[in-house]
Amino acid sequence: MAARFCGVLVLLTVSLSGLNALRPAVNQELSNIFNELWRLDVNRMTPGVDYTISVQGRASFVTQGSHVVQDHASQPLFSNVNEGKLRNSTTISRFTRLLDNYERSTGVAERVTAEELTEINLFLDAVLQTEVMKRAHRYLVSKGKSSSDLRQFKSQLNLIWFHLYHRQRNAGLDSSGFEHVFVGETRSGSDIVGFHNWIQFYLQEKNSHLDYKGYKARDHDLPDQDDHVLNLQFSWHGLVKPVGSAFIGTSPEFEMALFTIVFLLNTDRSTTVVVNIDQCQMELVVIRHGRSLGTAYPKLLSSNSRHLRQHSH
């Protein structure tokens, strides 16, 4: 039986209304390549085997910037994660070493040490050795968007994900695509921005820096423990994310490959593509910051092949 995908834990502000409004048609070519990457993702974790989540209660409505939130989940979201598998995956273990390298608040300049540069290099080297990123690289070369030279492709990934830039005006180089998407940031001491990664969510929850408040979903699409996709609400260092989104269980190389492809195939400041991956239909949103990534996240449209059943009637 094929694993249910829908691997999106929602860790960014998204609207749960108007999902049937006009949106781009499904991009079949990207759906095809992304399903290839999905099948190649040997570092993906299996729900119920490698990790267990407890979705618990439905979260309340909270306005952006509010610090007052009712807790509808007395237990953590992640009740169990196979940390041995996390450690034994080269990309994931090198990924986790990067998570403590950043200033949490925007407006505070990042100071990158020689050791941190080495960690970035080692992480990119590991990612480039995976079948997921090798296939993504071949696809981008075929589209004329990347050089076939591996060193040049590594430099391209470094520019997209790790180049430092100003996110907050009148501040130093305070952000990067990697920090925003995978680590998370706080803005003006009032709200959480970015933070779209399940591994960071688990580690922050385990260390009592993050508190899961409950899921967000419509009545006809309630989540369960096998879903790789959740809309949810949480607090982090005392600040609240009313609704958020991200892949769950997937590897860093899978997420980087998807968003890198969308980033390089488009030049608009903001790009949204609709794709079907395994049993889920979702939007992938990518926003540029010059030649680097501003943010990137998935937004679930339907799960458990519901979009296929709708079209068959």
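Me: Where is the place of Gln 281?
Reply: Gln 281 sits in strand S10; strands (E, at least two residues) and helices (H or I, at least four) are DSSP runs, numbered from the N terminus. This is a predicted model, where local features need pLDDT of at least 70, side-chain atom pairs count only at pLDDT 80 or more, and totals for chains, interfaces and linings use all residues. Residues are numbered from 1 along each chain as its sequence is written, and side-chain values use heavy atoms, leaving out hydrogens and water.

Me: Is Gln 281 buried or exposed?
Reply: Buried means under 20% relative accessible area, exposed over 50%, and partly exposed in between (1.4 Å probe, protein chains only). Gln 281 has 10%, so it counts as buried.

Me: In what order do the strands of the open sheet come?
Reply: Two strands pair if DSSP finds at least two bridges between them. Here the order is S9-S10-S11, with antiparallel pairing. Strand S9 (270-277) and strand S11 (292-302) are the edges, each pairing on one side only. Strand S10 (residues 280-289) joins S11 over nine bridges, and Glu 283 stands opposite Lys 299 in S11.

Me: How do I read the packing of helices H4 and H9?
Reply: Two packed helices are described by the angle between their axes and the distance between the axes. Axes are lines fitted to C-alpha atoms, for helices over the stretch in contact (heavy atoms within 4.5 Å), and angles run from 0 to 180 degrees between N-to-C directions. The axes of H4 (residues 114-128) and H9 (residues 252-265) come within 10 Å and cross at roughly 80°. H4 is therefore roughly perpendicular to H9 (65 to 115 degrees).

Technical notes:
Parallel < 35°, antiparallel > 145°, perpendicular 65-115°, else oblique.
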